[in-house]
Number of protein chains: 2
Amino acid sequence: MVRAVDRVYARLRADILDGVHPPGGRLGEAELAGQTGSSRTPVREALRRLEVEGLVEVLPHRGARVPDLTPEDLEEIYDLRMLLEGAAARRAATRITPKDVDRMDELCGLMERSAAPGDGQDLDRIAELNAEFHGIVRAAAASVRLVSMLNAVVQLPLVTRTFHRYSPDDLARSAAHHRELAAALRAADGTWAESVMRAHVLAAKAVLLRAVDRPGNDDTETRTS
Amino acid sequence: MVRAVDRVYARLRADILDGVHPPGGRLGEAELAGQTGSSRTPVREALRRLEVEGLVEVLPHRGARVPDLTPEDLEEIYDLRMLLEGAAARRAATRITPKDVDRMDELCGLMERSAAPGDGQDLDRIAELNAEFHGIVRAAAASVRLVSMLNAVVQLPLVTRTFHRYSPDDLARSAAHHRELAAALRAADGTWAESVMRAHVLAAKAVLLRAVDRPGNDDTETRTS
DNA sequence: AATGCATATCTTGCATACAATCGACCGACC
DNA sequence: GGTCGGTCGATTGTATGCAAGATATGCATT
């Protein structure tokens, strides 16, 4: 039997990331308790956990809300992500196993295939593979605190989770970064790996900020489940 | 009326940092509720907050414990602290006001006076001034997420809070770092400020690791309140 | 005598009842 | 007519009762 707080936490987190609870949306404890079939106690605990991850903000006696991020917030978040992912890549370079790098190369191939234009293109599949790819790097960094901080900064609404904003050039650049990162890690060159990772994150930041400034091809709001 | 969870949280945190609850010590909810005069609910919430800050570790159905940090943990923590404090110093360089730098210089003078050998020496007072000094830098960094991450990493048992381990040379070096950091910030030179800050943190790490390897002059265990 | 299992007890996890606080609405007064 | 104050409603914060899981202990069995 899993704990109710874990179910509520996972459900709430997924709902926020999928846009079920829009930014600025109110999160009443009783309402969420009803939706999840549990009582307010696990809901409260889940909300507090999400608060420290930055996914919700709670005001004393006034409940929890989904924060709507300003462009300055996004700037801040990506700067932090660059810093932390870069440091993780550097640490990983001297700790990762060849087997892990092999898997990363394999993932590169799969991502490139899913990114190829045409009927076979599957941008959601890329997101999955991408998550595993970066997960390997973080795991190889072997720093529980660094990883937990990364989780607090990476998994934010509309920060990641989708490659739909990426142009063909963006996708090609991302793929090149992935290949190069694997090469740097295989060479056990921490500085190289860190540099590539920083570029990778900054490129993602550029894509996002471009989309925020001109919210035309943005499809996150239209998601319903 | 302040919330009970805040009282419990502050009390518990202070007790852990002061060594009232030694590393490895068990933290029963009912026991803590009795000590703080509240019920288990605020205690639970406070424990969860402390968990994400790394001050306690909770195992499902098995309660909370104060984690005892291995030398590898300390290594990891100081690496992260170097990274984050360095980044904060860099951001602060282009955002800090001259008034804040003036105050930092003032604090430098006060710390140097408190560090001077003799009857006037007051190492605990240095800790206070030092906290304000670095607080100014963090505030000037103007990044709520960066600051919260720093708080999660800095305020750990036996990481800071005391200058009793510092030799006269260590104290002199620390003072020099502080003066230089103020100068770098006044010059609005982010790279300079970051470099000094990284050196400052690494120097502190060296002092701590030296003390851990040869736990002779360590007085944290003997504290009772 | 040692090991495995069952049980007993203690602790945490969850649910619900009660209290405190905040915001909104309405009325009175200026 | 506008503004200030009070009361009401709703929501969060706290306390406590109950259930489930985990560890420890003791007994039976090999």
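Guide: Along helix 6 of chain A, the residues Ile126(A), Leu129(A), Phe133(A), His134(A), Ile136(A), Val137(A), Arg138(A), Ala140(A) and Ala141(A) are buried, a residue being buried if 20 or more other C-beta atoms, placed from the backbone, lie within 10 Å of its own. This is a predicted model, in which local features need pLDDT of at least 70, side-chain atom pairs count only at pLDDT 80 or more, and totals for chains, interfaces and linings use all residues. Residues are numbered from 1 along each chain as its sequence is written, while chains are lettered from A and ligands numbered from 1 in the order in which they are written.

Helix 6 spans residues 123-141, 19 residues in all, and its first and last C-alpha atoms are 27 Å apart, close to the expected 27 Å (1.5 Å times one less than the number of residues; helices are DSSP runs of H or I with at least four residues, strands runs of E with at least two, numbered from the N terminus). The cover over its buried residues includes helix 4 (71-93), helix 5 (98-115), helix 7 (144-154) and helix 8 (168-186) of chain A, where contact requires C-beta atoms within 7 Å. Just after helix 6, Ala142(A) takes a positive phi of about 55°.

Just after helix 3 of chain A, Gly54(A) has a positive phi of about 85°. An unreviewed UniProt entry annotates residues 2-69 of chain A as "domain: HTH gntR-type", an annotation that may be inferred rather than shown by experiment. That stretch is 51% helix and 12% strand, with its end C-alpha atoms 32 Å apart.

As for the pair of chains, chain A can be laid on chain B with an RMSD of 0.1 Å by a turn of 180° and a shift of 0.0 Å along the axis, superposed by least squares on C-alpha atoms of residues with pLDDT of at least 70 in both. The two copies are thus related as by a two-fold rotation axis. Of the interface residues of chain A, 100% are also interface residues in chain B, so the copies meet through the same surface.

How values were computed:
Two residues are in contact if their C-beta atoms, placed from the backbone, lie within 7 Å. A residue is buried if 20 or more other C-beta atoms lie within 10 Å of its own, exposed if 12 or fewer, and partly exposed in between; C-beta atoms are placed from the backbone.
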